[in-house]
Amino acid sequence: WLATVCAAALIWIQVARQGIVPGVPSNLSRYSMRNSWLISTAMAVTWALMPAYMLPVIDDDSRLLLVTAITAFICVGSFGLATLPQAGIAWVIVLSVGLGIGLLNCDRPIYALLAGLLMLYATVNIVVVLMMSRAFLARLKAEAEAENAKQLVDILLHDFERQASDWLWEIDAKGRLSYVSVRLTDILQKSAAELIGATLVDIAAYLRPPEVTVDEAMLLKEF
């Protein structure tokens, strides 16, 4: 059993190095999802064999420790694989079946009651996996829609900047310019690097006509 667990762990590590990690959906494809499901199921089977085989032959104290550990594995695995519901559900079912077989083969009736409670516990974990998966997919959909909307706005602003004669700028939370259009740089005769970080007050100062000196006033008076 220990050799099987070590072999499954090595396979999991090898797949993780290739970027196919169960529970971490980066650039998911059907191939990577299938591999994640297979690896998660294989790991669950290796852990489920232990309670199915050992519970009937060990003492009560060891049974308590083993049941507690497998129950914790069910919960942790279901939460860790919630982003891939097929893998998370397979993890819960396989471990629960293995633990249930071990409990039903024990020599005391109380373990049959525990097996029934285990089925209820597994059902709750499956429901949680489905709920978390839907929430995760909804968030991904919202992020994708927000990104599409941002790209559309960028396209419209770029088209407006290219065709319109108006000035266009963007300010940050501190009220400083974070983007200026080419039209605005031409009007102010300043480069974009000089204007980035300036405030609207600075822009108004750039637009103010220069003060007339005394000599210039006297010259204008003579005309």
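Start with valine 124. This residue is partly exposed, at 46% relative accessible area. The scale runs like this: buried is under 20% relative accessible area, exposed is over 50%, and partly exposed lies in between (1.4 Å probe, protein chains only). Valine 124 sits in helix H5, residues 109-163. Helices here are DSSP runs of H or I with at least four residues, strands are E runs of at least two, and numbering starts at the N terminus.

Before moving on, note how the model was made and read. It is a predicted model, where local features need pLDDT of at least 70 and side-chain atom pairs count only at pLDDT 80 or more, while totals for chains, interfaces and linings use all residues. Residues are numbered from 1 along each chain as its sequence is written, and side-chain values use heavy atoms, with hydrogens and water left out.

**Stop 1: the surface patch**

**Stop 2: the cores**

Now select Leu55, Ile70, Leu95, Leu99 and Leu103. They have the most contacts inside the largest nonpolar core, which has 24 residues. Such a core is a set of buried Ala, Val, Leu, Ile, Met, Phe, Trp, Tyr and Cys residues joined through side-chain atoms within 4.5 Å. Helices H2 (30-54), H3 (60-80), H4 (85-104) and H5 each give two or more residues to this core. H4 gives the most, with six.

Zoom in on leucine 103. What is it in contact with, leaving aside neighbours within four places in sequence? Leucine 103 touches Leu55, Val67, Tyr111, Leu114, Ala115 and Leu118. Contact means heavy atoms within 4.5 Å.

Another core lies apart from the largest one. It has seven residues, including Val180, Leu188, Ala198 and Ile203.

**Stop 3: the salt bridges**

How many salt bridges does the structure hold? There are three. Each needs a side-chain nitrogen of Lys or Arg within 4 Å of a carboxyl oxygen of Asp or Glu.

- Select arginine 63 and aspartate 60: their side chains meet at 3.2 Å, N to O. Both lie in helix H3, three residues apart, about one turn of the helix. Arginine 63 is buried, at 4%, whereas aspartate 60 is partly exposed, at 34%.
- Select aspartate 60 and arginine 108: this salt bridge is 2.9 Å, N to O. Arginine 108 is in the loop between H4 and H5 and aspartate 60 is in H3, so the pair ties together parts 48 residues apart in sequence.
- Select aspartate 107 and arginine 63: their closest N and O atoms are 3.4 Å apart. Aspartate 107 is exposed, at 62% relative accessibility.

Show Asp60, Arg63, Asp107 and Arg108 together. Salt bridges that share partners join them into one network.
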